[in-house]
Amino acid sequence: MELLKFELYKIFKQKTVYITFFLAILFSTGFTFQLTEQWEKDLYKEWEGPITAEKVKLAEEKNAVLMKKLEDAPDDEPFFFSERENAEMAVYEGVVWAAGVERNTVAYIKELDRADATAADKLNVAMLNKLDTSYFAYNVGPGKVIDFASVFSIFITGAMLLIGLSAIYTQEYSSGVENYLLSARKGRKQLLWAKVGAASVYTVVIVLAWEVFNLAWNTVQFGSEGWGTPFQHYFKYYFSPYDFTMLEYHLVQMAFHLLGAVSFAVLIVLVSSFSKNALISFFVCSALFGMPFLVVEMLMLPQWVENLFTFTHIFTMNVEPLFDFFKTVNVFGTPVLYPFVAVVMMVIVSGVAVLVNLRYMKRKELSV
């Protein structure tokens with residue numbers, strides 16, 4: 001426990017950790033602040049609840065009236081909708097969008113539910129049959145929170161882990177403390193577990209810190225209403241077969257992000273133990289983290305190769321590729337959903353990293 005406390009002290013005493021976190025949070029705001037007025041939220045009240053055919057028809061009619069206003073406007077004069085009209089259009093489009101989710105789900109079930117359906121198709125149908133996406137309400141706040149945890153979290157957590165942990169071993173080598181540790185009663189095995197434990201605790205603190213900011217920042221601007229609505233009402237998950245509300249998905253999202261982040265922290269500890277130079281450790285870890293994203297974005301890869309990158313740290317921490325569509329890996333004829341595969345991969349990578357590190361430390365200890 002004393003070793004763990006000492007390792008935590010060494011991590012958290014770094015001033016660059018606090019400076020990096022402050023800058024990352026600052027830039028994540030985009031230097032904008034949009035306060036949603038209460039009257040805008042009130043526009044949703046009369047539409048709140050289960051989506052019906054009557055509501056969809058009325059929304060389409062009211063939206064058509066606004067579009068007619070645009071068509072009738074003189075061509076030689078600029079036309080702008082009022083702030084209220086723009087807000088009303090957002091409501092009408094939201095109603096139609098929610099109805100579209102239900103309509104597409106029913107159509108897709110019919111398409112998949114056939115005599116020659118594969119095991120994956122049957123699993124997809126079973127999941128889609130459980131979906132209930134009928135409840136509509138104002139949910140901009142939860143959508144923003146989920147988006148922050150999907151996009152900005154990667155950069156914040158990634159940068160903080162690289163800055164805070166890349167030198168977790170190299171600083172021992174450069175300061176000469178290494179020789180003292182080798183001769184200490186508590187050997188390198190205990191030291192390794194202390195560093196892995198400290199890296200994991202540091203990761204949890206970082207994720208909780210930006211999540212507190214995420215909730216506060218987006219709730220103040222957009223409100224906290226709508227956590228009970230289906231997460232398919234957020235455009236990125238329109239085709240997702242998972243039966244989650246916004247709140248349920250965000251909890252799952254945080255769990256997966258944390259799993260990927262802790263696994264990456266353990267990997268950084270391994271890389272740092274091999275390197276005597278903090279910069280080399282930093283750049284190697286940066287490449288391991290960012291390279292999969294660059295490869296997927298810049299190269300035209302076969303789909304099956306691109307799918308393999310979904311189980312790297314950066315995409316697991318992004319979480320979105322695991323839940324946005326129905327995706328499975330065929331394991332001896334059994335379809336296994338991507339989220340389960342991602343969990344297994346992160347556990348394996350973490351376990352292998354620790355085992356390799358233990359072996360490396362053992363051999364190093366014997367060589368002294």
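How many salt bridges does the count come to? The answer is 12 salt bridges, where a salt bridge is a side-chain nitrogen of Lys or Arg within 4 Å of a carboxyl oxygen of Asp or Glu. Side chains of opposite charge can pair when their charged atoms come close. This is a predicted model, in which local features need pLDDT of at least 70, side-chain atom pairs count only at pLDDT 80 or more, and totals for chains, interfaces and linings use all residues. Residues are numbered from 1 along each chain as its sequence is written, and side-chain values use heavy atoms, with hydrogens and water left out.

**Pairs within a helix**

- Lys68 and Asp72 form a salt bridge with an N to O distance of 2.8 Å.
- These two residues sit four apart in helix H4 (residues 53–72), about one helical turn; helices are DSSP runs of H or I, at least four residues, numbered from the N terminus.
- Lys68 is partly exposed at 44% relative accessible area, while Asp72 is exposed at 51% (buried means under 20%, exposed over 50%, partly exposed in between, with a 1.4 Å probe and protein chains only).
- Arg84 and Glu88 also meet in a salt bridge, 3.5 Å from N to O, and both lie in helix H5 (residues 83–112), four residues apart.
- Arg84 is partly exposed, at 43% relative accessibility.

**A pair between distant parts of the chain**

- Glu320 is buried, with a relative accessible area of 17%.
- Glu320 pairs with Lys236 in a salt bridge, their closest N and O atoms 3.6 Å apart.
- This pair links distant parts of the chain, 84 residues apart: Glu320 is in helix H16 (residues 320–323), and Lys236 is in the loop between helix H11 (188–222) and helix H12 (246–274).
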